[in-house]
Amino acid sequence: MEFVHLHVHSEYSLLDGMCRIKDIPKRAKELGMKAIALTDHGVMFGSAIFFQECQKQGIKAITGCEMYIAPRSRFEKDAGRDDKYNHLILLVKNKKGYQNLIKLVSIGFTEGFYSKPRIDKEILKEYSDGLICLSACLAGELPKAILNDDMEKAEEIALWYKGIFGEDYYLEIQNNGLREQIMVNQKLIKLAKKLDISLVATNDAHYLKKEDSFNHEILLCMQTGKRITDEDRMRFETDEFYIKSPEEMQDYFEAVPEAIENTVKIADKCNFEFEFGVTKLPNYDVPKEFETHEAYFRKLAEDGIKERYGENPEKFILDRAEYEIEIITKMGYVDYYLIVWDFINYAKSIGVSVGPGRGSGAGSIIAYAIKITDIDPIKYNLLFERFLNPERISMPDFDVDFCYERRGEVIDYVTKKYGVDHVSQIITFGTLAAKNVIRSVGRVLNIPLPQVDKIAKMIPNGPHVTIDDALKESKEFKNIYEEDEDVKRLVDISKTLEGMPKNASTHACGVVITKNPVDSYVPLYVNDGNVVAQYTMTLLEQLGLLKMDFLGLRTLTVIEDCKELVKENRGIDVEFDEKMNDPNVYKLWHDGQTYGIFQFESRGMTSFMKELKPDCLEDLIAGVSLYRPGPMDQIPRYIRGKQNPGHNEYTHPSLEPILNVTYGCMVYQEQVMQIVRDLAGYSLRKSRFS
């Protein structure tokens, strides 16, 4: 007999669920299941990722949520009364069900939040279409009535939900070993027969395997600020809250096989799939005199080309512009360009300092023409195809820098233009990094702080250093791990929790802009008063939504302040000089006075620049291209300070010939020049290295 788990908590039931998203479908596949649901507490953080991971394993993903139901109205928030919420499981059948579930989850935060993100029966009734409802665990309204020995109330509750969901309402019986659950199961079975409501078997899984139970207790202690020895700590009374095999579930519920069968029937009803790669851009309103968006876009582009390159631009410039317009139009990104152009144009019109552009977007001559960027791609031989080409799957992305102090004015403009419910900031997650998880687990286990701190400090510094990395790189850490049983236990537990999300916060610069209200695409979350989308930036892009980075850059603020001071004290209006040919500027690099200048402030780079003696912007570009290592996750091993004993940064083995040149060896001169051509798109003058 087949079985499907319909009540499962992932790591996104923050510091409560311990099932990692990527491991849930793998475990389901190992156990021979064809489908599995995700029902995190009050949120849908992991829903889209879960769908992707299930697809990789050939497992059907069922989108769901364990909701919090207010005892009265979601607007009632009296202490001691309205913080006693009930649980309820909702599962998505179809697209309408998904839209309703994300609406309910969003309302839980934007309207009903009080201790937890709550909804109420009024709003549940309004958004019930396309959803399957399960009566939940012992914290559900119906089980609570049974535990209070109020069967009349229990019947009333069950009939209300049946009236809303019909045959899509199920009485949930569980196999968790709790004495109260055994009693509730018995009464639910009788109630199901009496009221003609179907039963369904679940297990309220919070961890993957039975042996994970103790580590889950550690996680709960981290959430509640308790120690494992505290008598009053939150705990699960049994070790049965894991993803059980179909055989285990069937054996336990052999007296009610229909409860097992119904898990498969429910899975068959649930057929919602996330839609990735389909662009859903908001609409940009063009002036009435233009019949189409494309016509207005072309007019802006043509006028911009003449402004940038003169009234009679050379043919290759016109050809490049026409090619880009065709690609942009063909790929459906006309509105994208218009939207970005519009808010940059607005920012400049009110005196907000805007960066000249960076990233692959600087390769677009149309972006340069309409002043999204101020970097001439022709002059620097930049390729448009790096930014946009017919083979590209993901949306293009302009990184735009604004004055740090006035960035908010631009976001306010976008919010007013497209509507407050069409613009949202984006969620991000803090995770249990290596040192942090060691310290947190050590505290829970009552290990003396000095001892835990000593162990944590053995882990090398770095944003992506894992415990496994530390065991490979630090001989001291590896030795104490292998020789001390207490340390080994601490580290092994920490490894099971490392990398899990510990809290949700707001991304520093990401904003999503949508054609319809944001909560018709993704669920919303409220963080410190800010409404944010519950999916990360990467997922929003994959779902085809417009994500923009409104980056606040302090450097722009400093530059503006300096310009004002020069004007005030010397009466000089300082304007940007595109030629960048003042020798006094480059003397800073010659003298090693580059502290505080991004990419040029490390000891190694400072030494390199003193050797290179740049006297033009191209030299600076070449220097950065030569010196910077590639993405760290693509580097198989590291060499620390090989060419310069004082250099304390990591370098890539493939950069050895470059560094040899940097520090005086001329053997690889031609190879270095070719690398510069590849990376920077122009020829480096040989005299620099001769």
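Mentor: A salt bridge here is a side-chain nitrogen of Lys or Arg within 4 Å of a carboxyl oxygen of Asp or Glu. Please keep in mind that this is a predicted model.

Trainee: How many salt bridges does a search of the whole structure find?

Mentor: The criterion is a nitrogen-to-oxygen distance within 4 Å. Applied to the whole structure, the search gives a total of 44.

Trainee: How far apart are the closest N and O atoms of Arg74 and Glu111?

Mentor: Arg74 lies in the loop between strand E2 (60–69) and strand E3 (86–92), and Glu111 in the loop between helix H3 (95–110) and strand E4 (118–119). The pair links distant parts of the chain, 37 residues apart. Arg74 and Glu111 form a salt bridge whose closest N and O atoms are separated by 2.7 Å.

Trainee: Is Arg74 buried or exposed?

Mentor: Buried means under 20% relative accessible area. Glu111, the partner in the salt bridge, has 28% relative accessibility and therefore counts as partly exposed. Arg74 has a relative accessible area of 7%, so the class of Arg74 is buried.

Trainee: How many residues apart in sequence are the parts that Asp149 and Lys187 tie together?

Mentor: The side chains of Asp149 and Lys187 form a salt bridge, with 3.4 Å from N to O. Asp149 is in the loop between helix H5 (141–147) and helix H6 (151–165), whereas Lys187 belongs to helix H7 (residues 179–195). Asp149 is exposed at 57% relative accessibility, and Lys187 is partly exposed at 24%. The separation in sequence is 38 residues.

Trainee: In which strand does Asp399, the partner of Arg358, lie?

Mentor: Arg358 and Asp399 form a salt bridge with their closest N and O atoms 3.9 Å apart. Both residues are partly exposed, Arg358 at 38% and Asp399 at 22%. Arg358 is placed in the loop between helix H13 (334–349) and helix H14 (365–369), so the pair ties together parts 41 residues apart in sequence, and Asp399 lies in strand E8.

Trainee: Let us turn to helix packing. At what angle do the axes of helix H8 and helix H20 cross?

Mentor: Two packed helices are described by the angle between their axes and the distance between the axes. For H8 (residues 213–224) and H20 (residues 485–497), the axes come within 10 Å and cross at roughly 75°. That makes H8 roughly perpendicular to H20, since angles of 65 to 115 degrees fall in that class. The crossing angle is thus roughly 75°.

Trainee: How many nonpolar residues does the contact of H8 with H20 have?

Mentor: From H8, the contact involves Phe214, Asn215, Ile218, Leu219 and Met222. These meet Arg489, Ile493, Thr496 and Leu497 in H20. By class, the contact has 2 polar and 1 charged residues, and the nonpolar residues number 6.

Trainee: What is the phi of Asp196?

Mentor: Most residues other than glycine have a negative phi, and most peptide bonds are trans. Asp196 lies in the loop between H7 and strand E7 (198–202), and at 63% relative accessibility this residue counts as exposed. Its phi is positive, near 55°.

Trainee: Where is Asp528, which also has a positive phi?

Mentor: The phi of Asp528 is about 50°, although this residue is not a glycine. With a relative accessible area of 73%, Asp528 is exposed. Its place is the loop between strand E11 (524–527) and strand E12 (530–533).

Trainee: Finally, what percentage of the residues in the protein chain is buried?

Mentor: The secondary structure of the chain comes to 27 helices and 15 strands. Its C-alpha atoms fill a box of roughly 90 × 75 × 50 Å along the principal axes. The accessible surface is about 32,600 Å², of which 49% belongs to carbon and sulfur atoms. Of the 690 residues, the buried share is 52%.

Methods:
Residues numbered from 1 in each chain as written. Predicted model: local features only at pLDDT ≥ 70, side-chain atom pairs only at ≥ 80, totals over all residues. Heavy atoms only, no water. Axes fitted to C-alpha atoms, helices over the stretch in contact; angles between N-to-C directions. Helix = DSSP H or I, 4+ residues; strand = E, 2+ residues; numbered from the N terminus. Parallel < 35°, antiparallel > 145°, perpendicular 65-115°, else oblique. Contact = heavy atoms within 4.5 Å. Nonpolar A, V, L, I, M, F, W, Y, C, P; charged D, E, K, R; others polar. Buried < 20%, exposed > 50% of the residue type's maximum accessible area, 1.4 Å probe, protein only. Areas by Shrake-Rupley, 256 points an atom, 1.4 Å probe, with all protein chains shown as cover.
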